Amino acid sequence: MFLTVSEAAKILLNRGIVAIPTETVYGLAGIATDSQSVQKIYKAKNRPPDNPLIIHFFDISQVKEFLDPLPLFLEVLIKEFSPGPLSYLININPNSPLRPSLAGQSTVVFRIPDNKKTLQLLKILKLPLAAPSANSSGTLSPTSADMVLHDLGDKIDGIIKDTTSKVGLESTILDCRNIQKLKILRPGAIGKNEIIKKLHFYKDKIKFAFETQTSGNKIITPGSKYHHYKPKTKIYRINSVEKINFTKNLAIIGSDEEIEKIQSNLQGAKEIHFFKMGKSPKEIASNFYHTFFKVDQKKPKKAFLLLNEIEDDTLSQAILEKVNKMVEV
Ligand code: TXA
Ligand code: MG
């Protein structure tokens, strides 16, 4: 089940599908230009057929091989942020060789992942990989090979195992179709301010349109209309433990500091499972999905997620967006 990079390359070239590590989350990869491989991804994930797949390239020259001509400002962004957790949405000719991965859209979303093994794989293949997150549709995105194995182990041809994903949240998706209407379609580790800073040369031209994709607007990334990231356990957001009615078999999730505080106040509390997510937004993002995976394995009656102040930084806002999609209201 666990594969070396060259074993994975062979399987992919024979139209198989393989889970690959990236710095954001693990992806379920197939050759992006091959409809048979792409169909296997949809089947394994039970993914709605109208939801297109992100394309992963090796470098900017491979991007240009498939998506020429690129607007100049986009070249600047790619040189600044890739490899890394930023994905770009642009228009594409519907007859492109990438068509099998586009689910009928006239747009493409692509990125260059920042992971040594996956870059090695792309280099051997000389072909781009379509790779949505390697989870069954609607469930938690995987940030470790074990999470992939648990969810999709019997439905895929193997996994390239690496360390856990260091960013831990899906890439930011930036609508790059119009420099005057840049839009963050999915928040992630890279935010508006970092992007604007790198485009200072264009500062009179760029504009950020910041509506989020709500059901009222036209949905640009079809995936955002589906329920995402739900653990099996029901999660309730609280801002103080006083709200908890302590019964057996509960889970309490929070930052290291918050959990340590509660534990010292609750000496002897039985059958409560505590989960520490980390000290900083960076650590919390990186441990985020894996924490909920561990919560599910304990099968608690329910879980309380203790979140007090949410900072205004990019990463905290991205974490909050995921939290809002998974908590009970
Ligand atoms: O960090 C990531 O982006 C990870 C890793 C594996 O690269 N991938 C990922 O893929 O999160 P996925 O499929 O879980 O989310 C991709 C989102 C979906 O909302 C999908 O609808 C949108 O991007 N998308 C993909 N291709 C598109 C296209 N051609 N046009 C519009 N939206 C697209
Ligand atoms: Mg996903």
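Trainee: Which residue is the bridge partner of Ile55 in strand 5?
Mentor: The partner of Ile55 is Phe110, and please keep in mind throughout that this is a predicted model. Strand 3, residues 55-56, and strand 5, residues 107-111, run in the parallel sense and are paired over two bridges.

Trainee: How do the residue numbers and the confidence limits work?
Mentor: Residues count from 1 along each chain as its sequence is written, while chains are lettered from A and ligands numbered from 1 in the order in which they are written. Local features need pLDDT of at least 70 and side-chain atom pairs pLDDT 80 or more, whereas totals for chains, interfaces and linings use all residues, and side-chain values use heavy atoms, without hydrogens and water.

Trainee: OK, what is the strand order in the open sheet of eight strands?
Mentor: The order is 1-2-6-3-5-4-7-8, and the pairing is mixed. At the edges you find strand 1 (18-20) and strand 8 (183-186), each of which pairs on one side only.

Trainee: And which strands does helix 1 lie across?
Mentor: Helix 1, residues 5-13, lies across strand 1, strand 2 (27-31) and strand 6 (129-130), and its direction is at about 55° to strand 2. Contact here means heavy atoms within 4.5 Å, and such angles, from 0 to 180 degrees, are taken between N-to-C directions of axes fitted to C-alpha atoms, for helices over the stretch in contact.

Trainee: Switching topic, how many residues surround ligand 1?
Mentor: There are 27 of them, and the closest are Thr24, Asn51, His56, Ser171 and Gly223; a residue belongs if one of its heavy atoms lies within 4 Å. Strand 5 gives the largest share of this shell, with four residues.

Trainee: Which atom of ligand 1 is 2.7 Å from a polar backbone atom of Thr107?
Mentor: A nitrogen atom of ligand 1 is at that distance from Thr107. An oxygen atom of ligand 1 lies 2.6 Å from a polar side-chain atom of Ser171, and a backbone N or O atom of Gly223 lies 2.7 Å from an oxygen atom of the ligand. A polar contact is a pair of N or O atoms within 3.5 Å.

Trainee: There's a sheet of four strands too; what is its order?
Mentor: It is an open sheet with the order 9-12-10-11 and parallel pairing. Strand 9 (235-238) and strand 11 (272-276) stand at the edges with a single partner strand each, so one side of each has no neighbour in the sheet. Neighbouring strands in this sheet are turned by 25° against each other on average, ignoring direction.

Trainee: How many bridges join strand 10 to strand 12?
Mentor: Four bridges join strand 10 (residues 250-254) to strand 12 (residues 302-306), and the two run parallel. Within this pair, Ile252 stands opposite Phe304 of strand 12. Helix 8, residues 256-265, lies across strand 10, strand 11 and strand 12, at about 150° to strand 11.

Trainee: Last one: which kind of peptide bond joins Asp68 and Pro69?
Mentor: That bond is cis, with omega about -5°, and Pro69 sits in the loop between helix 3 (60-67) and helix 4 (72-81). Ser82 and Pro83 are also joined by a cis peptide bond, with omega about 0°, and Pro83 lies in the loop between helix 4 and strand 4 (86-91). For background, most peptide bonds are trans.

Note on methods: Two strands pair if DSSP finds at least two bridges between them. A polar contact is a pair of N or O atoms within 3.5 Å; within protein, one must be able to donate a hydrogen and the other to accept it, and residues adjacent in sequence count only if both atoms are side-chain atoms.
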